[in-house]
Structures are given as C-alpha cells and as structure tokens.
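Have the model open as you read.

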Amino acid sequence: MGFVKGALIRLGSTALAFWLATLIIPGISLSSDSISEAVFTLVLVAVIFGVVNAVLQPIIKMVGCGLYLLTLGLIALVVNGLLFLLTSWIAEQLDLPFHVDHFWPAAVLGALFVGIVTWILGAVLDRD
C-alpha cells in the first residue's frame, strides 16, 4: 500500500504544481470550462509529464553526459524545458486544454517551477 500512496501523492503534488504554474507563469495556460475538467486535465498532464521524464530523461542524460559535465549541469535547465514543451505538445495532441507558449521563458520557468514545487510538496507530505 505504501507504493500506491506514494505514487498518488506524487501525482497529486505534480498536478497541483502544474495548476500553480498556470496561475503564476505567463505563457502557460489551462483553458477549461469547469473545475472537474481542469482537475482531470491537470492529472493527465501530470501523468504525461511523469512518463516523458521517466522514459526520456535517462536516455538524454546518458547520451548527453559530456554536455552535462561541460556545462556543470546547467544543460539540465534546457533539457527540462524541452521536456516540458514536449509535454504540452502531447497534451495538445490529446485535445487537452493545456498549452505552453514558447520555450523561453514559459517552458524553462515552468519546468523549474514544477520541479521546485513538487520537491517541496514531497518533503512536506513525506510520500515515503
């Protein structure tokens, strides 16, 4: 039961972080007609973001290991922004009302913001 609880807390905190990002960061929008549609969209976008990160992040880190070393890890901001933009594109392909306008500053700041908020919520809620 601990694994399921941790996964649900992570999913909920990521969805909450996406919702806060739509409120705070210009260029990230959620255009839904009802609260239930907004919650459903945010949960699906959180799932998409999790799958994109779980599948592509290790591959990118392995292939781009030299760039990570050369830039002392700062390339991670670019990679995370691109993965955030990819999440927006996949959401649009699934007709979800979530959109990120551009790579800079919306996608980069959005990925950074979502990462920080989910880290804080994970520490506060102690998902383990």
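Phenylalanine 84 and phenylalanine 98 are both buried in this predicted model, each falling under the 20% cut-off for relative accessible area. Their rings make an edge-to-face pair, 6.4 Å centre to centre with 75 degrees between the planes. Since phenylalanine 84 sits in helix α4 and phenylalanine 98 in strand β2, the pair ties together parts that are 14 residues apart in sequence.

That's one of five aromatic pairs in the structure. Another brings phenylalanine 18 up against phenylalanine 49: the centres are 5.3 Å apart and the planes stand at 85 degrees, so this pair is edge-to-face too. Here the link is between distant parts of the chain, with phenylalanine 18 in helix α1 (residues 2-24) and phenylalanine 49 in helix α2 (residues 35-63), 31 residues apart. Phenylalanine 18 is buried at 0% relative accessibility, and phenylalanine 49 is buried as well, at 11%.

Now for the backbone. Most residues other than glycine have a negative phi, and most peptide bonds are trans. So which spots go the other way? Leucine 72 has a positive phi of about 55 degrees; look for it in the loop between α3 (65-70) and α4 (75-93), where leucine 72 is exposed at 78% relative accessible area. Aspartate 95 also has a positive phi, near 60 degrees. Aspartate 95 lies in the loop between α4 and β2 (98-100), and is exposed at 69%.

Finally, check the peptide bond from tryptophan 104 to proline 105: it's cis, with omega near 0 degrees. Proline 105 belongs to helix α5 (residues 103-125).

Technical notes:
Residues are numbered from 1 along each chain as its sequence is written. This is a predicted model: local features need pLDDT of at least 70, side-chain atom pairs count only at pLDDT 80 or more; totals for chains, interfaces and linings use all residues. Side-chain values use heavy atoms; hydrogens and water are left out. Helices (H or I, at least four residues) and strands (E, at least two) are DSSP runs, numbered from the N terminus. Buried means under 20% relative accessible area, exposed over 50%, partly exposed in between (1.4 Å probe, protein chains only). Rings of Phe, Tyr and Trp (its six-membered ring) pair if their centres lie within 6.5 Å; planes under 30 degrees apart count as stacked, over 60 as edge-to-face and the rest as tilted.
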